[in-house]
Amino acid sequence: AAAAFLLSMRFSKFAIGVALQHSSIIVTAAFGVWFLGDKLGWISWAGLIIATLGMVMISWPEKKLNANIDVKNALLSGLFGFTSGVFFAICSNQFRAAVNAVEGNPTFFASTLTVLITQISQAIILGAILFVVQREGMRIALARWRDSLKAGAGGSSASIAWFLALGLAPAALVKAVNLVVEIPLSVMMGAQKFKERLGVTKILALFMVVIGVLVAVLTPFYFKN
């Protein structure tokens with residue numbers, strides 16, 4: 001998922017890949033329903049769709065595509081962005097299934113164990129790749145392990161909370177709640193730090209995200225573990 005997302009940025013200077021990557025919330029909900037037996041009412045689906053449209057509006061490039069834009073690269077960017085969203089959707093639901101598989105129900109231990117196994121797997125796979133293609137970079141990274149210790153501890157703590165939340169509720173709703181914090185804060189921080197003006201479209205999109213998430217999450221639902 002991360003590789004596809006980076007490729008989407010490589011093929012286009014515009015945020016088309018980012019915009020389509022945000023479609024993952026709908027795909028996440030679909031995978032949860034099809035493979036895990038999650039149950040979402042039509043009002044929850046409507047809320048997720050509204051929130052997704054809001055995210056696409058926020059991340060869609062303000063500049064219009066013109067003749068100087070490489071259409072092929074723009075299409076590839078969008079394709080990889082959507083592919084990234086699909087793989088992130090699969091990951092979210094697989095993490096949810098993994099947490100619930102440990103003890104039959106989500107617990108702090110189950111979440112921590114899942115994060116541990118996940119990060120060990122990532123370390124082995126990425127370490128092997130670095131050893132083959134970037135051995136010198138790997139040596140430097142290992143020598144400066146203290147620089148990433150705090151970030152790693154913070155990221156692991158966040159992942160434990162994230163996985164526990166995934167075990168408690170359908171992955172799409174967990175991702176939706178995360179958006180209420182992430183999207184408005186990132187837009188407002190960007191506006192403050194980089195003096196970006198928030199146009200009417202982006203303000204409307206922010207309201208769509210918040211309203212869509214509230215509708216999706218607060219609507220009565222039930223799911224099967």
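**Notebook: aromatic rings and a nonpolar patch**

I began with the aromatic side chains, and I noted that ring pairs link Phe-31, Trp-34 and Phe-35 into a cluster. I keep in mind that this is a predicted model. Counting over the whole structure, I found three aromatic pairs. For Phe-31 and Phe-35 I looked up the ring centres, which lie 5.5 Å apart, and the planes, which meet at 25°, so I wrote this pair down as stacked, since planes under 30 degrees apart count as stacked.

Next I asked myself where Phe-31 and Phe-35 lie. Both belong to helix α3, residues 24-36, and they are four residues apart, about one turn of the helix. I then checked how well each is covered: Phe-31 counts as buried because its relative accessibility is 18%, whereas Phe-35, at 60%, counts as exposed.

I moved on to Phe-131, which I located in helix α6, residues 108-133. Its relative accessible area is 43%, so I recorded Phe-131 as partly exposed. I also saw that the charged end of Arg-135 sits over the ring of Phe-131, 4.0 Å from the ring centre. Phe-131 is one of the residues of a nonpolar surface patch, whose members include Leu-116, Ile-120 and Val-133, and which has about 910 Å² of accessible area together.

Finally I looked at the protein chain as a whole, where I listed ten helices and two strands. Of its 225 residues, 34% count as buried, and the accessible surface comes to about 13,700 Å², with 71% of it belonging to carbon and sulfur atoms. Among contacts between residues at least 6 apart in sequence, I noted that 81% join residues at least 24 apart.

Methods: Residues numbered from 1 in each chain as written. Predicted model: local features only at pLDDT ≥ 70, side-chain atom pairs only at ≥ 80, totals over all residues. Heavy atoms only, no water. Patch = residues over 30% accessible without salt bridge, like charges linked within 9 Å, V, L, I, M, F, W, Y side chains within 5 Å. Areas by Shrake-Rupley, 256 points an atom, 1.4 Å probe, with all protein chains shown as cover. Salt bridge = Lys/Arg side-chain N within 4 Å of Asp/Glu carboxyl O. Buried < 20%, exposed > 50% of the residue type's maximum accessible area, 1.4 Å probe, protein only. Contact = heavy atoms within 4.5 Å. Phe/Tyr/Trp six-rings, centres within 6.5 Å; stacked < 30°, edge-to-face > 60°. Lys NZ or Arg CZ within 6 Å of the ring centre and 35° of its normal.
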